Amino acid sequence: MTAITNGLPRDRMLSEPRDLDLRGKSGSRALKNSVATAVMWAAFAIAVIPLVWILLTVAVKGGHLILDSTWWTNSQQGITARREGGGAVHAIQGTLIQGLVTALISVPIGVLTAVYLVEYGRGRFARIVSFMVDILTGVPSIVAGLFIYAVFITTFGFTRAGIFVCLSLTLLMIPVVVRSTEEMLKLVPNELREAAYALGVPKWKTIFSVVLPTAFSGIITGVLLGLARVMGETAPLLILGPYTKAIATDLFGGNMATLPTMINQDRDQAVTLPAYDRIWAAALTLILLILLLNLLGRLAGRFSKV
Amino acid sequence: MAKRIDVSDLDIFYGSFKAVEGVSMSIEPRAVTAFIGPSGCGKSTVLRTLNRMHEVIPGGRVEGKVLLDGQDLYAKDVDPVGVRRTVGMVFQRPNPFPTMTIRDNVAAGLKLNGVKNKARLDEVVEKSLKGANLWNEVKDRLDKPGAGLSGGQQQRLCIARAIAVEPQVLLMDEPCSALDPISTLAIEDLINELKERYTIVIVTHNMQQAARVSDQTAFFNLKATGQPGKLVELDSTSKIFNNPTEKATEDYISGRFG
């Protein structure tokens, strides 16, 4: 360790007192610094290695399929596990449709809940609402799926359909939207609210015309990140959204494919190479979709006004 | 158009804490009234009760009367939103709306209250910006964001925004404390012009500024931290600065305070 030998010899410091000596490093401090740096880099590597490994494996094993244009145009209709070919457009469509509908339901509820908590909520009721959001954040996805199953399928006697998948994903997405929107609304300076009040603008109008537009891009970021999170969910889809190999866009009846259920389906039949390849390709497609949403979310965050 | 304000026996609270006690005063129309006093004496708090902005703060409440041309602002059937349309306010830090253009910032008060007529809005924008001595600097970039202006320009933009809704009274809470001397001069000139049409109340920490711009001056003080602030005296500015009645005022003005 050069850092240690660089330190001044002790006897010289004692025999020749100087006014101010800034040369050299303190040996033990330099050592601690090196150790801490090494530990941090090691922790970083441990965190990143599995991530890179997964991405590489998925890209290598599924990459050739998604580079084929039929992957993006064809469904799996008429294709068996032993046959190559077909695409994932049915699953991509299903995932996007269900994600969109989930967002359409959760965003108004989540944003308005956050507006209530930040702008109106005082006292006991607001604390209860906030606590409920915390609980909802911790609900495992399979519990959300089973809850919707218990209410709509077991109790009301509906058959399984895409819309129930959306409802269960909504349960998972609402708390994410509430929390991220809440943070963004808190960042809007109070002075802007006061400026609007002082112009004789009513409170609700201040919130909709000044506070929400100011926080808009931040809210969009939160929504996209929340959406990215629920689009990769699998458990509620296995419970509520039976798979089909054909293109199906009806949320209210019949089976509907999604990328996670496609992965699961092919895994069931993965004794053969074509199905095995399709698992990796579907996984890669899902990762790319979610990556895209994340990037869009970050991009929206750049235009933030707060 | 400009109205007088009569305050009588005003107590102001934050929750259970009494911040200001027993304020009674008359604020003359078409004149500038300055509030001076040490930090924490409640001058901004009193200012904010004049357009019911005090109650925006959780726990903020008021006892006593504030009469605007004889009408009690705190009467039961009075709508605070209506009060704020009549009594405008300019804040310490310039606070243009960051999502809006210069034009929209000025028109915000009208637009958010439902005025849609574009010709009318354009007319008001021009009139208000001219009134705030900002028109010549921004007339070529009305559609640029208001946040892109300099601090002094932003503050004049906020003044334009406040006068665009044609209030009767204009409250200013340390409007120059975040500005450089040149911008401060521009605002002070503007205050001199505005007082022909509006009743103006200005809170300031700068005694020279109070002496320069105001016609009457109110001195607020508090005995000790934790005690409520009080109005010590209100008189014509020349009297307050040359020959105040109270010793506390003289001590504060002459810098012998505390």
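**View 1. Chain A is divided into two domains.** The domain assignment of chain A, whose bounds come from an automatic or database domain assignment, gives domain 1 (2–67) and domain 2 (89–302). Everything shown here belongs to a predicted model, in which local features need pLDDT of at least 70, side-chain atom pairs count only at pLDDT 80 or more, and totals for chains, interfaces and linings use all residues. To find your way around, note that residues are numbered from 1 along each chain as its sequence is written, chains are lettered from A and ligands numbered from 1 in the order in which they are written, and side-chain values use heavy atoms, with hydrogens and water left out. Taken over C-alpha atoms, the centres of domain 1 and domain 2 of chain A are 40 Å apart.

**View 2. Here domain 1 of chain A meets domain 2 of chain A.** Contact (heavy atoms within 4.5 Å) links 10 residues of domain 1 of chain A with 10 residues of domain 2 of chain A. The size of an interface is often given as the accessible area lost when the parts come together. Between these two domains of chain A the buried area (the accessible area, with a 1.4 Å probe, that two parts lose on being put together, summed over both) is about 820 Å², and carbon and sulfur atoms give 84% of this. On the side of domain 1 of chain A, look for A:Val58, A:Lys61 and A:Ile66: they lose the most area to domain 2 of chain A, together 56% of what that side buries. Sorted by class (Ala, Val, Leu, Ile, Met, Phe, Trp, Tyr, Cys and Pro count as nonpolar, Asp, Glu, Lys and Arg as charged, and the others, Gly among them, as polar), this side has five nonpolar, four polar and one charged residues.

**View 3. Now chain A touches chain B.** Chain A brings 18 residues to the contact and chain B brings 26 residues. About 1,900 Å² is buried between chain A and chain B, with 67% given by carbon and sulfur atoms. In chain A, A:Glu194, A:Ala198 and A:Leu199 lose the most area to chain B, together 32% of what that side buries. Two salt bridges cross this interface. One of them joins A:Glu191 to B:Arg93, with the closest N and O atoms 3.5 Å apart. Helix H9 (190–198) and helix H10 (203–231) of chain A each supply at least two residues of the side that touches chain B; helices here are DSSP runs (H or I, at least four residues), as are strands (E, at least two), numbered from the N terminus. H9(A) gives the largest share of that side, seven residues. By class, the side of chain A that touches chain B has 10 nonpolar, three polar and five charged residues.

**View 4. A:Glu182 pairs with A:Lys186.** The side chains of A:Glu182 and A:Lys186 form a salt bridge at 3.9 Å, N to O. These two residues are separated by about one helical turn because they are four residues apart in helix H8 (residues 162–187) of chain A. A:Glu182 is buried, at 8% relative accessibility, while A:Lys186 is exposed, with a relative accessible area of 52%; buried means under 20% relative accessible area, exposed over 50%, and partly exposed in between (1.4 Å probe, protein chains only).

**View 5. A:Asp266 reaches A:Arg278.** A salt bridge of 3.9 Å, N to O, joins the side chains of A:Asp266 and A:Arg278. A:Asp266 lies in helix H12 (residues 259–268) of chain A and A:Arg278 in helix H13 (residues 273–302) of chain A, so the pair ties together parts 12 residues apart in sequence. Both A:Asp266 and A:Arg278 are buried.

**View 6. B:Glu166 meets B:Lys127.** This salt bridge in chain B has an N to O distance of 3.1 Å. B:Glu166 sits in the loop between helix H6 (151–164) and strand E7 (169–173) of chain B, and B:Lys127 in helix H4 (residues 118–131) of chain B, so the pair ties together parts 39 residues apart in sequence. B:Glu166 is partly exposed, with a relative accessible area of 44%.

**View 7. B:Ala2 has its own surroundings.** B:Ala2 is found in the segment before strand E1 (5–14) of chain B and counts as buried, at 12% relative accessibility. Leaving aside neighbours within four places in sequence, the contacts of B:Ala2 include B:Pro29, B:Gln168 and B:Tyr198.

Notes
A salt bridge is a side-chain nitrogen of Lys or Arg within 4 Å of a carboxyl oxygen of Asp or Glu.
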